[in-house]
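Open the model in your viewer and keep the selection tool handy. We will go from stop to stop, and at each one you will hear what to select and what is there.

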Amino acid sequence: TGKWVSLRFHRCRFHRCMRLPSKLATLAAAFTTSPRMMSAVAPPIAKRVPHTVTFGRVDGENRGPNPMEPLELSDDLFWIRDDSRKNEDMLQLLRDENAYSQHKTSTLDGFRGTLYDEMLSHVQEDDDTHPTPAADGYEYWSRTTKGKSFRVYLRRPRGSAGEEQTILDVNEVPSLQYFKDEGGWDASQCDVHAVETSPSGRLLAYAVDGSGYETYTVRLKELGSGVEMEEEIRGTGGSIAWADERTLFYVKLDAQHRPFEVWRHVIGTAQAEDVRVFEEPDELFNVDCWTSRDASLLFIESESKETTEMLFVPTATPAADPTLIRRRKFGERYDVDSHSPSRTLFLTSNADGLVNRQLYSAPIDDPANWTPVAGGDGAPVLPHSASRSLDGVSAFGGFLAVSGREEGFTQLWVVALREGVAAGAHRLGFEDESFTAELGSNRLFEAAGRLRVEYSSMTSPRQLREYDVGAGYSHATLKEQPVPGYDPSLYQTRRIEVAA
């Protein structure tokens, strides 16, 4: 066809690495038949309960715009589905299945421990992420500790090596009274989905679930005193977005566990007084919300597999009705960020029938009026291309960072801004022939020309890099993920292109 495909691989340089390791030989031996494995233990048999499932059109249900004619099928195991996880017959069947599985694989018990120890020997259990500066005057990071299951979230004043403050130790959450009082919650199922500080850093909101069903309760904490507040927001999807010091937005779930509503809560008031800001009735769409990096807008996104629709609420007026950016059109997707100094929205989209996305801008006062972002010569800086796919755009005070794919790999482009006007696009270069690059944690809008990027390859452990986008795109490696026992000199990665 004349087209090309890309193949990626890595190999060991030394033949000795190609031998079958003794531990894998042990695994092979463990799977051979033994008298114990052949013992006559009957597997649990699920009971059969007659049940009919209807596909296609069903009166009183939303099955899409053009459902097929009804089709009925018998499913006598339908009773096993239990979204409440409380059906004792279903739970007992699972216990019996687990016990049977454990019995039939009991010869692997020793190997399981060996394999676990081998994997754990290559994991740095005591580890900190690199601190990320934020606009509230602090820098934030998290920590994992050997022997503990969950992360600890910390902060300290920006630019100092001063005393760290623990803002949330997830390991301690199951011991808190509200967690123990919640029926059906268990410490082994503890899940903290979001950890978000208020704009001043005075309050912390975090979403927690202990049921395993991913229905989160938003809890509040006063960071000055470290006291857990009695106030909580129940039945959420886990997303939290602060508009100002007194107002936060969150997402609620419908009966099918679909994120479908955005609500507004005022600190100090009961959840019963919360206001519904947005509802998505189409069951093909999920909703989410977040605050822009420049802290000027709260975005609301409604998204299906093929289509996007977004709105925004100014954080200065959180009680205002949402403003629609552009009405949904099947097959059109877009991503957006805010640049408040120029009162501009920057977007990537495949609107108007494009195969891939290109970079657009729109006035905040006329958000549906999109024009391609152009340089000083009037030509688009990142026009549509059949060989390049753009994904998201992140706006900073002096530049844009655009993510996407080109030449088969994830790529990042930096578009310099001069008083809000684009001054060309530059694709970051990376040294490995095969790699993955994506934006790291960048919380500052006024970033002083600094951009954090996470980089890895099949021979390079994950690195957090900071690029100087204003001076030659040089970079410093802030942190490389420790991998005990790994010797990069033993491996190489290559990219080879062959005609398809």
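Start by selecting Asn87 and Asp89. Asn87 caps the N-terminal end of helix H2: one of its side-chain oxygens lies 2.9 Å from the backbone nitrogen of Asp89. Keep in mind as you look that this is a predicted model.

Now extend your selection to residues 88-104, which make up helix H2. How far does H2 reach from its first C-alpha to its last? The span of this helix of 17 residues is 24 Å, close to the 24 Å expected at 1.5 Å a residue.

**Into the core**

Next, select Phe399, Leu428, Phe430, Ala437, Leu451 and Val453. These belong to the largest nonpolar core, which has 16 residues, and they touch the most other members.

Leaving aside residues up to four places away in sequence, Ala437 touches Thr410, Leu412, Phe430, Val453, Glu454 and Tyr455.

**Ring spotting**

The structure holds 12 aromatic pairs. A pair of rings is described by the distance of the centres and the angle of the planes.

Select Phe430 and Phe435. Their ring centres are 5.1 Å apart and their planes meet at 45°, so this pair is tilted. Are these two residues buried or exposed? Phe430 counts as buried because its relative accessibility is 14%, under the 20% cut-off. Phe435 is buried as well, at 8%.

Which parts of the chain does the pair link? Phe430 lies in the loop between strand S27 (421-427) and strand S28 (436-439), whereas Tyr455 is in strand S29, and the two are 25 residues apart. Tyr455 is buried, with a relative accessible area of 0%.

Now show Phe409, Phe430, Phe435, Tyr455 and Tyr467 together: they form one aromatic cluster.

**Charges over rings**

The charged end of Arg465 sits over the Tyr455 ring, 4.1 Å from its centre.

For the last stop, select Trp141 and Arg156. Here Arg156 lies over the face of Trp141, at 4.9 Å from the ring centre.

Technical notes
Residues numbered from 1 in each chain as written. Predicted model: local features only at pLDDT ≥ 70, side-chain atom pairs only at ≥ 80, totals over all residues. Heavy atoms only, no water. Core = buried A, V, L, I, M, F, W, Y, C linked by side-chain atoms within 4.5 Å. Buried < 20%, exposed > 50% of the residue type's maximum accessible area, 1.4 Å probe, protein only. Contact = heavy atoms within 4.5 Å. Helix = DSSP H or I, 4+ residues; strand = E, 2+ residues; numbered from the N terminus. Expected span 1.5 Å × (residues − 1). Polar contact = N/O pair within 3.5 Å; in protein donor to acceptor, adjacent residues only side chain to side chain. Phe/Tyr/Trp six-rings, centres within 6.5 Å; stacked < 30°, edge-to-face > 60°. Lys NZ or Arg CZ within 6 Å of the ring centre and 35° of its normal.
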